[in-house]
Amino acid sequence: MTPAARLQAAIEILDGITAEACNEKGGRPAERVVNDYLRQRRYIGSKDRRAVTALTYGVLRHHARLTWWLQQGAGSVAAPRQRLLTYLLLCENEDPEALRRLFDGSRYAPPPLSAEEDALVERLEQAARKAEAPPAWVAREVPDWLAPRFESAFGEDAAAEAAALLQEAPVDLRVNTLLGSREAAEAALAEEGLETAPTPLSPLGLRLAGRRNVSATQAYRAGLVELQDEGSQLAALLCDARPGMAVADVCAGGGGKTLALAAAMAGQGRLLAMDSDQARLDRGAIRMKRAGADFVERRPEKDLAAAADLSEAFDRVLVDAPCSGSGAWRRHPDARWRLTPEALESYVSAQHGLLRAAAKLVRPGGRLIYVTCSLLPEENQAQAEAFLAETPGFTALPVGEVWAQVLAAPYPGGAPWLTLTPARHGTDGFFVGIFEREVAA
């Protein structure tokens, strides 16, 4: 692809993302739009795919700043084509004349700049020279209504955490120890031309150098490795699931943490995966078969309240709760702008109910592990503290104590909860709280 053709492809993808965002039901997330666009155009080479994706995500990651700059230069929020133009001018410092030559209307290139767009370029250059610094929420790319919560969570570190959430996330793999060791997986990937290095904290993780199509490798197809962020791997390890235990994952989703629990249990014991979406559970079954974890039992989440056979039946119960996903904004930069106060309130309410329902599954002496991929206090420590205040018979088990038992790396968190962040730990944002059910006297 020519540079101009890459720009046109990015514009088409951004048009699709904008259309989905206008969908009353929320539409597909940006990642799905990008993947679908490229899947339908398999003639686009890997280098061009990376370039087009980088352009698209560059615009998404700078949403607030681009909107603010466009309002300075044009007085309104512009279409995706103008947003890309603004991104190239003000974030990538492209030369205006060079851009005009790329927007030349030739085959596969964007149409020439209109008179209004030419004027916009000039106004943006002038505005950039004169404008004051943008508001903090704009500079940090955090919705204005959410900015106070972000400040509450991180205080003086808020700027560093916001900056880290704007970076591209690494590609992490978890080695499936049911089928091989980390060394064996590293060697197998190297034979296929994929360079990896051990993750700093997770003993099961490999971090890919650059971006490659992992799902096309034999190591992935054979179930030896799974795509999973290091933070997610650590959350699963902190469940301290062991062979012979009874373990429940009550928000299993696609099965990423379920598979990690299966490996920790060495395929021995009872492992139950539950989710509110049966189709998602069924898709997870395909992954489990590939990973050699056929012993996993699957049941709908509604059984939490209805099935008497689950009461006090498990040594470990994982609640990987639905949440804002703010800890994964590196991977889903559009998600921060889809989140609304009403949606956040809905997540908090669901977390409250799930924790109390899941607590009934924990046998005396067992543990309830609460996990979110959120960085917001009301979804994390506030939920954990409310659970302890409202649920007799459970005490907080300091995460650092469990970390020392299951991981060799120095404990990187506080007490009693663990919060992993992109800036401090290089992982997605994760919260882990562990509660132990008391044994009756």
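This is a predicted model: local features need pLDDT of at least 70, side-chain atom pairs count only at pLDDT 80 or more; totals for chains, interfaces and linings use all residues.
The open sheet has 4 strands in the order 2-3-1-4, and its pairing is antiparallel. At the edges you will find strand 2 (196–198) and strand 4 (225–227), each of which pairs on one side only. On average, and ignoring direction, neighbouring strands of this sheet are turned by 35° against each other.

## Helix 13, between sheet and helix

Which strands does helix 13 touch as it packs on the sheet? Helix 13 touches strand 1 and strand 3, and its direction makes about 30° with that of strand 1.

Helix 13 (residues 230–237) has a helical partner too: it packs with helix 14 (residues 256–264) at an angle of about 50°, their axes being 9 Å apart. Because angles from 65 to 115 degrees count as roughly perpendicular and those under 35 as roughly parallel, the two helices are described as oblique to each other. The crossing of helix 13 and helix 14 is right-handed. On the helix 13 side the contact is made by S232, A235 and A236, and on the helix 14 side by K257, A260 and L261. Sorted by class, the contact of helix 13 with helix 14 has 4 nonpolar, 1 polar and 1 charged residues.

## Helix 3 against helix 5

Now to another helix pair. Helix 3 (residues 46–61) packs with helix 5 (residues 80–90) at an angle of about 90°, with 10 Å between their axes. That angle makes helix 3 roughly perpendicular to helix 5. From helix 3, L55, G58 and V59 meet R83, L84, Y87 and L88 of helix 5. Here the contact residues divide into 5 nonpolar, 1 polar and 1 charged.

How many residues of helix 5 are buried? The count is 10 of its 11 residues, and helix 5 is mostly covered.

## Strand 9 and its two partners

Strand 9 (residues 362–372) has 8 of its 11 residues buried, so it is largely enclosed by the rest of the structure. Strand 8 (residues 314–320) pairs with strand 9 in the parallel sense over 6 bridges. One specific link is D320, whose bridge partner in strand 9 is V371.

Strand 9 also pairs with strand 12 (residues 430–437): the two run antiparallel and are joined by 6 bridges. In this pairing R367 stands opposite E436 of strand 12.

## A look at R280

Finally, a visit to R280, which lies in helix 15 (residues 278–290). Is R280 buried, exposed or partly exposed? With a relative accessible area of 32%, R280 is partly exposed, because buried means under 20% and exposed over 50%.

Leaving aside neighbours within four places in sequence, R280 is in contact with G253, G254 and D275. G155 is 125 residues apart from R280 along the chain, and the C-alpha atoms of R280 and G155 are separated by 38 Å.

Methods:
Residues are numbered from 1 along each chain as its sequence is written. Side-chain values use heavy atoms; hydrogens and water are left out. Axes are lines fitted to C-alpha atoms, for helices over the stretch in contact, and angles run from 0 to 180 degrees between N-to-C directions. Angles under 35 degrees count as roughly parallel, over 145 as roughly antiparallel, 65 to 115 as roughly perpendicular and the rest as oblique. Contact means heavy atoms within 4.5 Å. Ala, Val, Leu, Ile, Met, Phe, Trp, Tyr, Cys and Pro count as nonpolar, Asp, Glu, Lys and Arg as charged, and the others, Gly among them, as polar. A crossing is left-handed if the near helix is turned anticlockwise from the far one by less than a right angle, and right-handed if clockwise. Two strands pair if DSSP finds at least two bridges between them. Buried means under 20% relative accessible area, exposed over 50%, partly exposed in between (1.4 Å probe, protein chains only).
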